[in-house]
Amino acid sequence: MVGRNQPCTCGSGKKYKKCCERVIVFHQAELTRENRERGQKGELLSDLDKWFHRYAKVEDQDKWATRFKELLQLPLDQPIPKSFAFSFHYYLLFDAPCMNGRRPVELWASTIRHHRMDGERVIQSLSELTFSCFEMLDSDQETMTFRSLQTNKDYEVMKQDVIPRDKLVFARLIRIGNRYELFGPYTSFVHEMRGEILVQLEKYNHHEEEQQELTIRETSWRVLGWSIQRANELETMEQQLTSAPTEMRIESNKDFFLSAMEHQAERPGLPVSVLNQLEHFYVSEVTKLQKGTQAWYSRSLETLFQYLSLRFGQSFEWSLLNEDVLARFFSVWYMDHHQSTPISARIFLNTCKHLFRWLETAGHANVFQAFKKVYAPFIRLIPETIEARTWMMENGVTKKNQDEAEQRNMFLLHVTSAGPVILIGEQWRPIQLRSFPRMWTEKRFWIKGTIQSDNNQYAFTQVENMYPVVSLEENEHIEVLLQK
């Protein structure tokens, strides 16, 4: 314990009583201020809402409802969906100049200042609220770090009961004390859409310089509308499931991985006939899609070309892609050669499905018959494994102990209800993975990495990659081992 007259442990050189106690008092004052302003925020928002319903005209709201639907690309002949009702109400309060050409929050703020002696800072924050797009850079137990995609400014945001599921967030931030809170409804998107969203923001930011405030405030709403449509398009692509296929029966052991890694073509490249078929598919099927979708398809086709060229080369023909080869391609080669995200993996599999079905319809090859047996399990397993891999690399590795020997191998991880275990020889051993997400309970993964043990307590010191467990035979073998 540090004595009150001893040097402070913070490294400032000052005595504890004069240093850290001052910091504690300052921190407590900040928390008191935050709590006070949070209470004021609730009271003032309630007052604004009552004021708006008292003075706003219904016919004006109907006019701005049409504008709101235009911005979000919603059907104009239908009511605003219930899922957007809350967002529309906040759009009216804080963005739409729907009361004498001014925003309701501005008029309300000019009147309430005459009646309240406190809360001026919160009133100002409410009147300056802006709907914008943010990128979540970091998250810990209490706070998140957001960066505006429009201004590149960083914000320290307090965690609340609900936090965004994905890293791109369309929302408002209100200042409470020296930090910020999410204010009102928000919509989040996967980080993979960042590039496309930036393009849309840039497009609207380069309008004529005589932009009015309304147009500027509408930018994020326009981009949100585009993002929702784009996300729906990607989701539709993912949901194009084939009819129920037969299950795979492939032996997924270490030889399975080695065979996928060792074979290399003597003459890389593809035969002219195959290249012509790929070009025909692109011209007839891909070019009629939207530009963003074309870009996704192009990247997926480049990945497929890379694999076929390196694995088979000039001797390739479609009949070589049997069930066994396709399973190794998706579960091993793809995981080793591409740092994909769950959504890009789904798009890649759906691109292959579209291509292989087209090849069959056009009479070029019947590879689709083998592919559809692989597609159903992998459309779930690969995105799931990618998510688990990201978590493992960020949270599942401990610092190695120089006094302990390391073991590098391909390990089988099984997530039981009692905790994660790995297969060492013929025995399951507990593996140290703190706070391993419950959504992977009863899941199995292959992990290529390095472990150390301390009194039979194992821990990963390196995770090189992860792969899905794909075979029924392997699963049956695992069930036997689990009973030992």
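Start at the second largest pocket of this predicted model: select α5 (120-127), β1, β4 (168-176) and α7, each of which supplies at least two residues of its lining. Helix α7 gives the most, with four residues. The space in this pocket comes to about 440 Å³. Next, show Glu 128, Leu 129, Thr 130, Tyr 155 and Leu 173, which are the closest to the centre among the 22 lining residues. Colour the lining by class and you will find eight nonpolar, nine polar and five charged residues.

Now move to the largest pocket, with a volume of about 1700 Å³. Select Arg 165, Asp 166, Lys 167, Val 190 and Glu 387; of the 41 lining residues, these lie nearest the centre. Two or more lining residues come from each of β1 (132-139), β5 (179-189), α7 (213-238), α12 (342-361) and α13. Which element gives the most to this lining? Helix α13 does, with eight residues. By class, the lining holds 20 nonpolar, ten polar and eleven charged residues.

Keep α13 (residues 368-395) selected and follow it to the sheet, where it lies across β9 and β10 and runs at about 145° to β10.

Then select the whole sheet: five strands, antiparallel in pairing, form an open sheet in the order β8-β7-β6-β9-β10. Strands β8 (427-430) and β10 (457-468) are at the edges with a single partner each, so one side of each has no neighbour in the sheet. From one strand to the next, the twist averages 40°.

Finish at β6 (residues 406-416) and β7 (residues 419-424), an antiparallel pair with four bridges. Pick Thr 416 there: its bridge partner in β7 is Gly 419.

Definitions and conventions: Residues are numbered from 1 along each chain as its sequence is written. This is a predicted model: local features need pLDDT of at least 70, side-chain atom pairs count only at pLDDT 80 or more; totals for chains, interfaces and linings use all residues. Side-chain values use heavy atoms; hydrogens and water are left out. Two strands pair if DSSP finds at least two bridges between them. Axes are lines fitted to C-alpha atoms, for helices over the stretch in contact, and angles run from 0 to 180 degrees between N-to-C directions. Contact means heavy atoms within 4.5 Å. On a 1 Å grid over the protein atoms alone, a cavity is a set of points where a 1.4 Å probe fits but cannot get out, and a pocket is an open set with protein on both sides within 12 Å along at least five of seven lines; lining residues have an atom within 4 Å of a point. Grid points are joined across faces, edges and corners, and a volume is the space filled by probe spheres set on the points. Ala, Val, Leu, Ile, Met, Phe, Trp, Tyr, Cys and Pro count as nonpolar, Asp, Glu, Lys and Arg as charged, and the others, Gly among them, as polar.
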